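Visitor: Could you walk me through a few side-chain contacts and a helix pair in this one?
Guide: Gladly, let us look at it together.

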Amino acid sequence: MIRISQLKLHPDHTPEELEREVRRILRLRDNEKTDIHIRRQSVDARKKPDIFYIYTVDVETGNDAKILGHPAVRRNRNVSAVRIREYHFPAVNAAAVRRTDPDLRPVIVGSGPAGMFCALLLARSALRPIILERGEDVDARTRSVDHLWECGELNTESNVQFGEGGAGTFSDGKLNTMIKDPEGRIRFVLETFVRFGADPSILYSFKPHVGTDVLKKVVKNIRYEIESLGGEYRFGSRLDDLRKNTDGTYDLAVCSTADGDKKIQYLRTDILVLAVGHSARDTFAMLKEHHFAMNPKAFAVGLRVQHPQRMIDEQMYGRFCPYELPPSSYKVTHQAKDGHGVYSFCMCPGGYVVNASSEKGRLAVNGMSYSRRDGENANSAIVVTVSPEDYAIGPASKEDPLCGVAFQRKLEERACALAQGKIPVQRFEDFCAGQASTKTGSVSPQIRGLWQLSNVRKILPEAVNADIEEGMKSFSHSIAGFDGDDVLLCGVESRTSSPVRIERNPDTLQAVNYAGIYPCGEGAGYAGGITSAAVDGIRISEAIIKFIQADELRIDFKNK
């Protein structure tokens, strides 16, 4: 395979022009075969209005050595030979996965990206996993979320945080990640999303996204495959407790959360995957009671900011851009005077701020976009990194693995009280003055959920407020108008990532002192978004296969 990097074309180019440019670079004749695969596409708007798409493409020719040997091609630093490494799930020993006790099935708690991909690969390995999901299936969950947004009535078991697909289902569906993955798991995740309904452009987009409307279809289609292979979803089922048995198995106390009639059923397993998500605070408390090794970790808190998408596009592409380009995103960072990092997080072009609460009396917000990203506003979280040293109250609190949860709850209680359960909204000018807003200006709120003008500055610690104000003003140096008087702030953004890490053995990926239990994904502290969570779910499935096959081989050896 031949790879061409830094291939530049104007955004209105045709597929034929792309092929002609490939042939020109490789000095190919018209009758020579080419098969072109786009690996990456990004926008270069550094010299507005002269804007380009920058491509990385892989080309199959059937005669790579000869083409690469051409003097002009050999001198081109943007042309190279490349070997594509495809992801391969470890070979499964069919005899080993026929469990000694066929009633023992892997149990996965949570159906977000981590739990979903773990379940998919275990199902393909004939292990018939059981997936416990405290929330509803994606269709019923959507109705519960819509009811919250329209009426303000929260279903604490099925909402933006809990339910099929996890918190990412009601988000922008961004699939970019900073993790390194030479084994090809990231590509496998993207290809899986495409197979089950996502647009193929996510395979090469510099900043791939699916959109909440498409994600709902994708997670449902993945569930259908898991079920067709013997996997079983149990919605409205929350893990409330567990007990370790002398034979190495676990008895799980599973609470039915459906229909308001709570019943406890017991489930026995020797493999438990804790893919619970970053908002499963009651589950964290239960694990703490059982002395799981857990530690508080740094995360970020802040506010959602809304700008007109048109303004962001003009800043990024130029006021008189002649091309039809996708709604522009941005990424901004600033080092505050007090040493804290201030940065944009989960930027949603053409999106909405949404009520993402999961506990009564506490309010949290998030950002969401549909696949077309055609909303009036852009929004992102402007957040400040906080560590246990920042949010722990007193020396004893620092030793509590859930001190970050306590800090989040405190902020969310303030946000809820501030606007009587509605999303508090404030103009940036009023935020700087520390006074409640009484009217909106040129920016119209784009919000899914009830909202109310208020003084958002009352939610966060004043040091964090000062950092956000400083950061907003700094960001205006690169994006003019970022700190405009009418720019809107909404709060509180408190669920950027898990405030806790459940420690696991780096070799087996099992929880410390709990053989057969696998902390997994974002909630356990090992991921930070849809793609990295899915990758961690894949890694856990690989570790489970290794564990089962080794265990069965030991039993077989013992019997001989």
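**Salt bridges and a helix pair**

Guide: Asp536 is buried, and Arg504 is buried too, where buried means under 20% relative accessible area with a 1.4 Å probe and protein chains only. This is a predicted model, in which local features need pLDDT of at least 70 and side-chain atom pairs count only at pLDDT 80 or more, while totals for chains, interfaces and linings use all residues. Residues are numbered from 1 along each chain as its sequence is written, and side-chain values use heavy atoms, with hydrogens and water left out.

Visitor: What do the side chains of Asp536 and Arg504 meet in?
Guide: They meet in a salt bridge, at 2.8 Å from N to O; the term stands for a side-chain nitrogen of Lys or Arg within 4 Å of a carboxyl oxygen of Asp or Glu.

Visitor: How many salt bridges does the count come to?
Guide: The count by this rule is 40 salt bridges, among them that of Arg39 with Asp58, whose closest N and O atoms are 2.7 Å apart.

Visitor: And Asp58, buried or exposed?
Guide: Asp58 counts as buried, at 0% relative accessibility.

Visitor: Changing topic, which residues of helix 5 meet helix 8?
Guide: Met116, Ala119, Leu120, Ala123 and Arg124 do, against Val219, Ile222, Glu225 and Ile226 in helix 8, with contact meaning heavy atoms within 4.5 Å; helices here are DSSP runs of H or I with at least four residues, numbered from the N terminus.

Methods:
Helices (H or I, at least four residues) and strands (E, at least two) are DSSP runs, numbered from the N terminus. Buried means under 20% relative accessible area, exposed over 50%, partly exposed in between (1.4 Å probe, protein chains only).
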